[in-house]
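Reader: I would like a close look at one part of this model, the pocket and the contact between the chains beside it. Please take me through that part slowly, with the cut-offs behind each term.

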Amino acid sequence: MSTIKHKNNSPPLIRMSQVSKFFGKFQVLKRISLDVKLGEKMVICGPSGASKSILIRCINQLESHQQGKIYINGTELDDSSSSAKLVRQNVGMVFQNFNLFPHLTVLENLTLGPIRARKFSKADAQDVAMRYLERVKIPEQAYKYPRQLSGGQQQRVAIARSLCMEPKIMLFDEPTSALDPEMINEVLEVMSELADNGMTMICVTHEMAFARRVADTMVFMDHGKILEKGSAEIFFESPKSERCKAFLKKIQRY
Amino acid sequence: MWVHRKFVGFSKVRIICLIIAVLLLSGCSDQWGWYVVNPSTESGRDNLYFLLSGFYYTILLSLTAISISIITGLLIALLGLSDNKFLRTVNRTYVEIVRSVPVLVLILWVYYGLPQLADIQINVFWAGVLALALSDSAFEAEIFRAGVQSVNKGQYEAAKSVGLSYLDTMRYVILPQAVRRILPALGNQLVYMLKMSSLVSVIGMPELTRKANELVVVEYRSLEIYTILVLEYLVLILIVSSAVRWLERRWKN
Ligand SMILES: Nc1ncnc2c1ncn2[C@@H]1O[C@H](COP(=O)(O)OP(=O)(O)OP(=O)(O)O)[C@@H](O)[C@H]1O
Ligand SMILES: [Mg+2]
């Protein structure tokens, strides 16, 4: 599936360089370095507590890091408002628990960001919203409230909500792990289509069939460290570390 | 749930009808002198009108005061929710001080004390509004703080991830959810406010209680007149609380 040719001269869309994060004395990220190029699809896996969530949340500044540097499009993130703007313009995020706004309709969920942050007119925002609702295949749900939808539909709305900000990269934090089994595929399908259309993605997931299908790069984490990182073929054929082998074996049994 | 609510509504109405019936019947006995408010006599009508006209200031005073206290309470709550330790301390200090002072004392202090302190003129109405709003704002602040804190942390993260500023996040995402949850508490505060407004009678505000006091001085029929006063508050507050419940039900959807 990895047919995208990466341009060598442009800076990576995301670069993390020696990033460390602490909660008090407890170090949860240990000198993390990684690059994500435009169009690249990266899947991160690893056992619970490995700091997968923390890692991707550092990229869109939901968590702060104490050491190292994070760059978006070659610009280093700090706590200035221009950094916040850079994140907002480039990075979309989909959460495990959807985090839709329950008091707003699906359409309002989608248009709030474009209207307030991108200064779209209401009509323009609605056009964009309907376009992305069609992309996630639920335009007919536009006027319902989130609680009237199934989990799978809610997560697709959440994906559309992120897409309405037209980000360059989408972050997914276990987007299917709160879903009933019969709804997982409809979400993975939408994500695969996004990937096929060239969206850059970092996805934390344990859905290995999905990973095999879309990932260019696989990352295996444990205890706040990246233990293994490489092209998807090599990762699945011949994982190097014992811990990674054991982990893959364990999750693929199910 | 539905059956329960219906039952409560029924019994409340029945109890009130019972009270009114007892009062009307008791007017026939020798000790009671319902003639003071007998609508079929000219003086009774005048007295009744005099008492009822107190509604105007009771309602105006309470609504003005609660509007002000909701706004100040919200601002004070936002201080308490801030990351800044100094602002949180300001919030705690304000809430603790204001909550510790009895409303009546606040009314006296604002009306008699404040003009000397600040060298300003303040009329009875605004002194009452200020004192009631001040007192209530501490409670509103605590209600708003609890309401905002009850909203899931994921909502802030989602709002941030679609690029909303802090103020937009509060305005469009957090407060609408918080207000729905605290509506019953806000309704209770309005009921308290209506009742507390009777204290402003001590500085001469012609609201329900003051009017009743004035009429008692003229007519010497305290039992009947104060009974009317009780009924006035009862009716007012029952109407307000059912309106709040109606709103609450509507907002649930
Ligand atoms: N606010 C916090 N304070 C202290 N420690 C935290 C905090 N949030 C997370 N941690 C710790 O950081 C570590 C990594 O957490 P993280 O949520 O990133 O793990 P994860 O790999 O996403 O796990 P899971 O698969 O369960 O989602 C865990 O050990 C967790 O206990
Ligand atoms: Mg996680």
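Author: The largest pocket has 31 lining residues, and those nearest its centre are A:Gln61, B:Tyr156, B:Lys160, B:Leu164 and B:Tyr166. The elements that contribute two or more residues to this lining are helix 2 (81-90) of chain A and, from chain B, helix 7 (153-161) and helix 8 (166-196). Helices (H or I, at least four residues) and strands (E, at least two) are DSSP runs numbered from the N terminus. A pocket here is an open set of points on a 1 Å grid over the protein atoms alone, where a 1.4 Å probe fits and protein lies on both sides within 12 Å along at least five of seven lines, and a lining residue has an atom within 4 Å of a point.

This is a predicted model, in which local features need pLDDT of at least 70 and side-chain atom pairs count only at pLDDT 80 or more, whereas totals for chains, interfaces and linings use all residues. Residues are numbered from 1 along each chain as its sequence is written, chains are lettered from A and ligands numbered from 1 in the order in which they are written, and side-chain values use heavy atoms, with hydrogens and water left out.

The volume of the largest pocket is about 1000 Å³, and its lining is made up of eleven nonpolar, eleven polar and nine charged residues. A:Gln61, one of the residues nearest the pocket centre, sits in the loop between helix 1 (52-59) and strand 4 (67-72) of chain A, and its phi is near 65°, a positive value in a residue other than glycine. Most residues other than glycine have a negative phi.

As for the contact between the chains, 21 residues of chain A touch 20 residues of chain B (heavy atoms within 4.5 Å). Together the two chains bury about 1600 Å², with 58% of it on carbon and sulfur atoms; buried area is the accessible area (1.4 Å probe) lost on putting two parts together, summed over both. A:Phe101, A:His103 and A:Arg116 supply 34% of the area that chain A buries against chain B, more than any other three residues.

Two salt bridges are counted between chain A and chain B (side-chain nitrogen of Lys or Arg within 4 Å of a carboxyl oxygen of Asp or Glu), and one salt bridge joins the side chains of A:Arg57 and B:Glu157 at 2.7 Å, N to O. On the side of chain A that touches chain B, strand 6 (91-94) and helix 3 (106-116) each supply at least two residues, and helix 3 gives the most, with three. The residues of that side divide into eleven nonpolar, five polar and five charged.

Chain B itself has ten helices and zero strands.

Note on methods
Points joined across faces, edges and corners; volume = space filled by probe spheres on them. Nonpolar A, V, L, I, M, F, W, Y, C, P; charged D, E, K, R; others polar.
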